[in-house]
Amino acid sequence: MKYEIENNLHYLQLLAKSFPNIAAASTEIINLSAIMNLPKGTEHFLADIHGEHEAFLHVLKNASGRISQKVDEIFGEYMPSKTKKDLCTLIYYPEQKLELVKSDFSALADYDERIAEWYRMTLYQLVKVFRVVSSKYTRSKVRKNLPQEYSYILEELLQERSEDDNKTAYVNVIIDTIISTDSADDFIIALANVIQRLAIDQLHLLGDIYDRGPGAHIIMDKLVNYHSWDIQWGNHDILWMGACAGNDACICNVIRLSLRYANLLTLEDGYGINLMPLATFAMETYGDDPCEAFMPILNSENRDRFDEKTIRLMAMMHKAVSVLQFKAEAQQIKRNPIWNMDDRCMLSRIDFNEGTCNVDGKCYKMLDMNFPTVDPANPNAFTSEEEQLMSKLHHSFRVSEKLQRHIRAILSHGCMYAVYNDNLLFHASVPINADGTLKEVEIMPGLKVKGKDMMHRIGMIIRSAFANDTPKEEKDLARDYFLYLWCGKDSCLFDKSKMATFERYFIAEKETHEEKKGYFFQLRGKEETAEKMAETILDAFGVEGENRHIINGHVPVHVKKGETPIKGNGKIMVIDGGFSEPYHKETGIAGYTLVYHSREFELVQHEPFTNIEDAVREGRDIKSTTQIVATTGHRILVADTDHGKELKKQVDDLRMLLYAYRHGIIKEVK
């Protein structure tokens, strides 16, 4: 011990500033040792939200059904199912439910007495739920999550026990005073929010917050202030990050996808992106073009919002920005020959005399040959008008303060992968060879990497695109690299033979639309190869433990076709079940979430969320089916987690400090 202390003396002297004597160090050892023997907190995994903010927020509020389970466990058969449903709704949407309750009581002659009794009963019920969801945390951690204005009262109620006669009158007076001072509404709202907060200890987002749905900015507003979350960047997140960093091809892709799904709310209302220059350019350039292939895809939410004139304008804008995109992509592909993507410079492959396009060595008839801004002699060059338009769009993305703030939050809370408690998290894939070994990829000129090193270095490249001290040449390469991550063959966020956007718009033959999946997805789809591949990847990332897993999303699980999200003998969990409405018919469900608490993994399969109004008025929750997918055989304690390992190291350091105090190596400060 003495030799170890001598080697760590400088560190121990710094530690002594926080724990200046034996009493302080001993108290902290006791505190940390006690924490390690608490049950681990609940981890909540979501993937591929795609802007579906109402469903996302509801899943956060109900903790994928965990709150409903707790209410059922607490009150069981003693409480009618409707009352339990109403209590859950109150926890999820306290403000709206309170208004509804008061409205229902308002016509009664004895309103004051009835509402006071309802408040009294409800407060007691909420306190019981509060006690249960807070039971696996230290008092200190619970206190940090309490609203300051009610922290003292909530701490007192937390200690309430119905069998303690000495406290009964005390607690009754607290409840009655809350009601008599007209504080019940505020108190219920505060208590409901605390229950929501404590039901989830750590939120893991496995990528793709953006695109398709209308409320990615609303999701980000929630996350910016959320208590504990991390994100593994998805391909759609990377696209928006690239747009934010000033990659023109990413900017065009973001706008194109928004127009394709008739979803301009995030762009215009959320981030203030000015699309008027694009609209003006589109009307002038494609006013006589039917733009049939570019008609927006309308869903149940926006089908009635647009008239024919607006839909027609979106189609023209859609074509205009698509052509702009093909040019911007080709320019970046030419600047980066290591990408080996010359075959994706599609405008260069058109025979303007024959009206055909060469795809993979075969010529196909084009459905549309109206390209007024394309010069056959130099097809990838912007016209002067397009240059001006691109400059305006670029400026609009770069000066959007809210977009910049949200992307900074994504940068600070995430990276390409993460390892939490023996689980490897990433969005899409790890590039793999046909034999299941890790594939080496050249991500920058002369830099060939694979596996964990590849993921780490890509994360650093992305960060360098936003760092002020990055040299210009390096920053330009990093900014371009967002496009490769979006659609490059060996990108760990794409991993397909090609992105056939051009072919889907302009060529009828379906064979040209095929995007062949990489070997990661091919091997994952077969039970005989999935487990071995998973073990190879987990070993490469240094993930240890008997119950280690890969958890990812990206490719929707087609439940209707008999697909299962659990692959490789339980080693791989794919939790993209299709949150986004366009996927619902395809997958047959409306998303998966994964819950990892102290006893087991629960995979929760969700049906579509209707709307908040139905949830409040009718108590309609998301219908979910829960499947136990992994058990540990014992209750997992904090000591068994990554955080527990850190706490154990702190305890060991504090024991060294105690030894140093007791043997006079470091002097105590009383």
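Analyst: A residue is called buried under 20% relative accessible area, exposed over 50%, and partly exposed in between, using a 1.4 Å probe and protein chains only. This is a predicted model, where local features need pLDDT of at least 70, side-chain atom pairs count only at pLDDT 80 or more, and totals for chains, interfaces and linings use all residues. Residues are numbered from 1 along each chain as its sequence is written, and side-chain values use heavy atoms, with hydrogens and water left out.

User: Is Asp422 buried, exposed or partly exposed?

Analyst: Asp422 counts as partly exposed because its relative accessibility is 23%. It is found in the loop between β8 (417-420) and β9 (423-426). Strands (E, at least two residues) and helices (H or I, at least four) are DSSP runs, numbered from the N terminus.

User: Which residues is Asp422 in contact with, leaving aside its neighbours within four places in sequence?

Analyst: Contact means heavy atoms within 4.5 Å. For Asp422, the list is Val543, Glu544, Gly545, Asn547, Arg548, His549 and Lys645. His44 is 378 residues from Asp422 in sequence, and their C-alpha atoms are 15 Å apart in space.

User: How is the length of a helix checked, and what should helix α15 span?

Analyst: The expected span is 1.5 Å times one less than the number of residues. Helix α15 (residues 248-260) has 13 residues and should span 18 Å; its end C-alpha atoms are 18 Å apart, which agrees. For helix α28 (residues 642-662), with 21 residues, the reach from first C-alpha to last is 31 Å, close to the expected 30 Å.

User: How many residues of α15 are buried?

Analyst: Eleven of the 13 are buried, so α15 is largely enclosed by the rest of the structure. Among them are Cys250, Asn253, Arg256 and Leu259. At the start of α15, a side-chain oxygen of Asn247 comes within 3.0 Å of the backbone nitrogen of Ala249. Just after α15, Ala262 has a positive phi of about 50°.

User: What is the strand order in the open sheet of three strands?

Analyst: Two strands pair if DSSP finds at least two bridges between them. Here the order is β4-β5-β6, with antiparallel pairing. The edges are β4 (350-351) and β6 (362-365), each with a single partner strand, so one side of each lacks a neighbour in the sheet. Four bridges join β5 to β6, and Cys357 has Tyr364 in β6 as its bridge partner. Thr356 lies in β5 (residues 356-359) and counts as buried because its relative accessibility is 15%.

User: How many disulfides does a search of the whole structure find?

Analyst: A disulfide is a covalent bond between the sulfur atoms of two cysteines. The test used is a pair of cysteine sulfur atoms within 2.5 Å. The search of the whole structure finds zero. For Cys357, the nearest cysteine sulfur is that of Cys363, 8.0 Å away. Cys357 is buried, with a relative accessible area of 0%.

User: Which residues touch the most other members of the largest nonpolar core?

Analyst: A nonpolar core is a set of buried Ala, Val, Leu, Ile, Met, Phe, Trp, Tyr and Cys residues joined through side-chain atoms within 4.5 Å. The largest has 195 residues, and those touching the most other members are Phe56, Phe130, Leu203, Leu205, Trp233, Ile255 and Ile537. Helix α18 (residues 308-335) gives the largest share of this core, 13 residues. A second, separate core of 21 residues includes Phe19, Leu647, Met656 and Leu658.

How values were computed. A polar contact is a pair of N or O atoms within 3.5 Å; within protein, one must be able to donate a hydrogen and the other to accept it, and residues adjacent in sequence count only if both atoms are side-chain atoms.
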